[in-house]
Amino acid sequence: MTIQVESIPVSNSHGLRDRDDFLTGLLNQVISPKTQDWLEELRQGAAHGVRHATIPTTRNEEWRFTDLSALRQVQFHVDTQLKSADISALTLPEAVNSRLVFVNGVYAPHLSAVADLPSGVVVGNLAGLSQSQQEGVKPYLAQAEGSQEVFTALNTAGISDAAVLWVGKNVTVDTPIHLLFLNTADEQPSIYQPRCLVVAESSSSVTLVEDFTFAGLGETENTKNKPVYLTNAVTEIWLGDNAQVNHTRLAREGVEAFHIGKTTVTQARDSRYTCHALTFGGRLSRHNLEVFQTGEQTETTLNGLTMISRKQLADTHSLIALNHPHGTSRQLHKCIVGDRAHAVFNGKVFVPKPAQLTDAGQLNRNLLLSPKARVDTKPQLEITADNVKCAHGATVSQLEDDDIFYLQSRGINESDGRKLLINAFAAEIINQIPVKSLQNILLNTVNGHE
């Protein structure tokens with residue numbers, strides 16, 4: 001069996017069918033005034049694809065557990081005004097002078113601070129780049145695999161600005177860079193389309209925190225302010241030869257929000273990419289994480305944590321395409337599911353015949369906190385190479401009564417015992433994040449979640 005990884009779509013559009021009025025309405029909202037010719041060409045090409053596509057349904061294999069019918073019932077609009085925001089509780093001490101902020105999709109220079117960066121590093125917004133810098137961006141923006149997927153194309157069709165992180169050859173950035181995409185949604189349903197481009201040239205190294213956060217973070221279920229909005233985010237990461245990127249992606253949306261995210265990673269020879277993807281909050285969330293190997297001896301580590309409750313749905317679809325020899329990948333995705341929430345995990349690893357001596361491991365572990373909590377999991381290996389070391393697996397479990405009883409016998413009450421066990425389950429992922437202050441924030445979030 002021969003697998004052409006490049007031709008496998010993340011979602012299955014229906015091609016030239018009757019127009020999808022809902023999708024057309026979204027497209028008409030996000031299309032902005034004409035910009036530079038090269039960017040306009042990208043946008044027009046993407047818009048053409050969107051006009052002949054439809055929103056995925058549960059009849060699509062890649063979306064069969066994620067029903068978007070609730071999304072279709074909302075009429076979204078675009079608000080391009082830059083609103084005031086207090087980010088004091090959201091800043092990271094390690095990135096106090098290496099922070100880029102977008103509020104409701106609009107670049108906020110007065111909230112950003114990028115002074116503490118070495119020579120050879122560019123952190124800014126696309127519209128603010130010089131002409132020569134924009135020329136350098138052209139070969140990368142919207143050029144990654146999977147760009148025709150319907151939500152990715154919708155984002156591309158509406159590009160007017162983007163967060164750009166460029167690390168030059170042989171440059172090591174010791175300070176983590178914090179990209180904060182803050183939503184301050186109001187009573188009228190809104191759509192926001194953050195775009196992020198990261199280029200790490202050969203032998204460079206950088207740590208990145210990508211943070212999608214609602215300004216009302218911490219509000220309770222009984223809070224009246226529960227705005228409905230859609231975040232449709234796309235991030236493209238390019239690693240040159242021997243480059244290293246440590247990427248933390250955090251989605252902390254409002255309780256009635258929809259979040260659809262796409263992360264595409266392209267790894268050249270000897271590069272090392274690590275992703276910590278964490279999902280909290282949101283009525284419905286979906287993260288498509290795709291990694292494409294373009295050279296030998298790459299190392300890929302994907303760590304994920306989903307923690308949901310109430311009636312939330314969180315879907316993670318990952319793809320690792322190992323097309324060359326001597327590639328190594330490790331993936332561990334954990335889900336903590338309470339109340340009537342529903343978690344979905346579909347992880348694919350492709351190892352075609354040229355990818356001899358590949359070493360790939362994948363594991364999905366799920367913890368159900370309620371009898372009505374649900375998880376659908378599908379770890380998946382497709383291998384045609386004959387000299388590889390690959391394994392995958394999945395587990396689903398609940399908190400054990402014996403474990404809780406043991407903690408009670410040591411003077412810990414039942415509630416604290418449950419929190420301690422949940423914390424230990426989540427800490428295996430959180431403790432690998434290379435930003436200490438963010439570790440503490442997330443561990444506190446887990447402790448207060450139940």
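The structure is a predicted model, in which local features need pLDDT of at least 70, side-chain atom pairs count only at pLDDT 80 or more, and totals for chains, interfaces and linings use all residues. Residues are numbered from 1 along each chain as its sequence is written, and side-chain values use heavy atoms, with hydrogens and water left out.

Let us start with the helices, which are DSSP runs (H or I, at least four residues; strands are E, at least two) numbered from the N terminus. The table sets out the two pairs, with axes fitted to C-alpha atoms over the stretch in contact and angles from 0 to 180 degrees between N-to-C directions.

| Pair | Axes | Angle |
|---|---|---|
| α6 (401-409) and α7 (414-430) | within 9 Å | roughly 120 degrees |
| α7 and α8 (436-447) | 9 Å apart | about 150 degrees |

The angle between α7 and α8 makes them roughly antiparallel, while α6 and α7 are oblique to each other. Under 35 degrees counts as roughly parallel, over 145 as roughly antiparallel, 65 to 115 as roughly perpendicular and the rest as oblique. The crossing of α6 and α7 is right-handed, and α7 also passes α8 in a right-handed crossing; that is, the near helix is turned clockwise from the far one by less than a right angle.

Contact here means heavy atoms within 4.5 Å. On the α6 side, Asp403, Ile404, Leu407 and Gln408 meet residues of α7 that include Glu414 and Arg418.

Now for the gaps. On a 1 Å grid over the protein atoms alone, a cavity is a set of points where a 1.4 Å probe fits but cannot get out, and a pocket is an open set with protein on both sides within 12 Å along at least five of seven lines; lining residues have an atom within 4 Å of a point.

Of its 24 lining residues, Thr80, Gly105, Gly158, Ser160 and Gln193 are the closest to its centre.
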